[in-house]
Amino acid sequence: MKRITVIGCGVVGAAIAYELSLCPGIQVVVVDGAPPAQGSTAAALGVAMAVISHKVKGRNWRLRERSLKRYQTLILELASLTGRSIQHNAQGILSLCFAAEDLPRWRSLQAIRQGQGYPLEIWEPGQVGDRCPHLNGEGVVAGIYSPQDFQVNPTDLTLALVAGAQAHGAEFYFGEPVTGFGGVEVEVAPQEDWRCTAVHTLSQSFAADAIVLATGLGTLPLTQALHRPTAIGPVLGQALRIHLDEPMGSSEFQPVVNGHDIHLVPLGGSDYWVGATVEFPPETSLDEALAMQPEAARLDEVLAGAIAYCPALANGMITQRWSGLRPRPQGQAAPVIQPLTGYSNIWLATGHYRNGVLLAPATALAVRDELERPG
Ligand SMILES: Cc1cc2nc3c(=O)[nH]c(=O)nc-3n(C[C@H](O)[C@H](O)[C@H](O)COP(=O)(O)OP(=O)(O)OC[C@H]3O[C@@H](n4cnc5c(N)ncnc54)[C@H](O)[C@@H]3O)c2cc1C
């Protein structure tokens with residue numbers, strides 16, 4: 001049995017654990033300092049923009065497309081395996097276009113997506129009003145509708161991935177922060193093919209044939225202990241939940257709406273998520289960033305932006321406000337999915353920044369492809 005230890009149980013670590021748990025000959029152990037789905041995952045809205053994103057080629061598009069394909073079966077597969085309900089919205093994403101000069105870019109994206117086999121519709125403003133009467137058409141020059149993009153509740157998904165992996169024999173250890181590694185006695189960075197043989201927490205050690213760091217913002221201290229510092233910085237995001245007396249628009253058609261990079265996520269019934277801010281805290285340590293009180297005014301601006309395109313939100317009652325820190329790689333592109341330099345058995349699966357929920361399945365498959373190889 002090949003024993004693979006995954007450190008971190010946000011949406012990325014949980015997805016990796018689940019995909020690996022399906023592989024014969026692999027024993028999965030997941031270790032997290034916290035319960036599952038805390039960290040950045042707890043704050044996410046779970047909007048998955050693949051077809052409607054302007055990434056059309058290269059690694060970023062391949063990851064998005066692979067996730068999109070895996071998601072087509074993943075949610076139902078997990079729901080039936082675990083009996084858990086996973087809130088998701090499969091009615092597509094509608095992006096409001098307010099600038100006529102952006103239309104050629106959308107038309108070119110539409111043509112590319114058509115060639116790739118993905119529908120992307122460009123609606124006249126009147127059609128936006130007909131399909132979504134709750135939206136204010138003022139200033140809208142077009143609606144870009146992607147029927148295949150979607151939203152999934154990140155916490156529901158992560159907990160279902162954990163339960164699914166457990167059903168396939170994976171072991172989970174929560175409340176166990178990883179503090180060090182076995183087999184790394186060198187004082188300097190290893191040159192190549194160094195192997196790490198164990199993961200240590202304060203209370204126990206886990207023998208490992210391979211290790212995956214899915215540690216988001218916790219990546220730097222662990223990679224420092226491995227003499228290969230990989231910096232992942234925090235980007236603050238705030239969001240809110242709003243309750244209305246009745247659902248907005250047509251009960252038949254409730255897509256996720258995006259206007260000016262502000263998401264409106266129907267959750268079913270008459271509850272909606274609105275978010276999120278994208279705030280770069282000043283140069284601070286992670287601990288300081290975690291302790292910082294977010295500015296309420298920044299979230300109020302986001303809500304005002306959402307009310308501008310969806311006026312009925314003004315009558316709603318805010319039932320929850322929250323914030324989280326997105327893990328953003330410093331000095332390299334997001335996400336970081338690669339071997340840790342100098343080591344033959346450590347993988348980084350981190351730094352997913354604004355798209356960790358979208359990219360978790362593709363990340364898990366990429367890690368699985370590497371780790372299920374013999375050796
Ligand atoms: C407001 C907001 C909205 C967002 N909206 C979206 C969205 O709509 N769509 C989307 O795709 N993404 C969204 N994101 C981004 C998304 O949340 C992240 O990209 C994703 O959650 C990253 O997942 P992760 O598993 O890598 O990290 P995390 O969820 O942060 O998990 C990392 C885990 O590692 C553990 N860990 C760290 N260090 C150690 C250690 N030493 N020992 C043991 N365990 C350790 C932590 O306890 C944590 O559980 C949003 C983020 C925010 C803040």
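The shell of residues around the ligand comprises 21 nonpolar, 19 polar and 3 charged members. The model examined here is a predicted one. Of the 43 residues around the ligand, those that come nearest are Gly-10, Gly-39, Gly-218, Gly-237 and Gly-356. Two or more residues of this shell are given by each of the helices α1 (11-21) and α9 (356-371) and by each of the strands β14 (232-243) and β18 (317-329).

Attention may next turn to helix packing. A pair of packed helices is described by the distance between the axes and the angle between them. For helix α2 (residues 58-82) and helix α5 (residues 154-167), the axes come within 9 Å and cross at roughly 60°. On the α2 side, the contact is made by Leu-78, Ala-79, Leu-81 and Thr-82, and α5 supplies Ala-160, Leu-161, Ala-163, Gly-164 and Ala-167. By class, the residues of this contact are 7 nonpolar and 2 polar, with no charged residue.

An open sheet is formed by 3 strands in the order β3-β8-β4, with antiparallel pairing. Because β3 (47-48) and β4 (88-89) stand at the edges with a single partner strand each, one side of each is left without a neighbour in the sheet. Strand β4 is joined to β8 (residues 150-152) by 2 bridges, and these two strands run antiparallel. Within this pairing, His-88 has Val-152 of β8 as its bridge partner.

How values were computed: Residues numbered from 1 in each chain as written. Predicted model: local features only at pLDDT ≥ 70, side-chain atom pairs only at ≥ 80, totals over all residues. Pairing = 2+ DSSP bridges. Helix = DSSP H or I, 4+ residues; strand = E, 2+ residues; numbered from the N terminus. Axes fitted to C-alpha atoms, helices over the stretch in contact; angles between N-to-C directions. Contact = placed C-beta atoms within 7 Å. Nonpolar A, V, L, I, M, F, W, Y, C, P; charged D, E, K, R; others polar. Near = placed C-beta within 6 Å.
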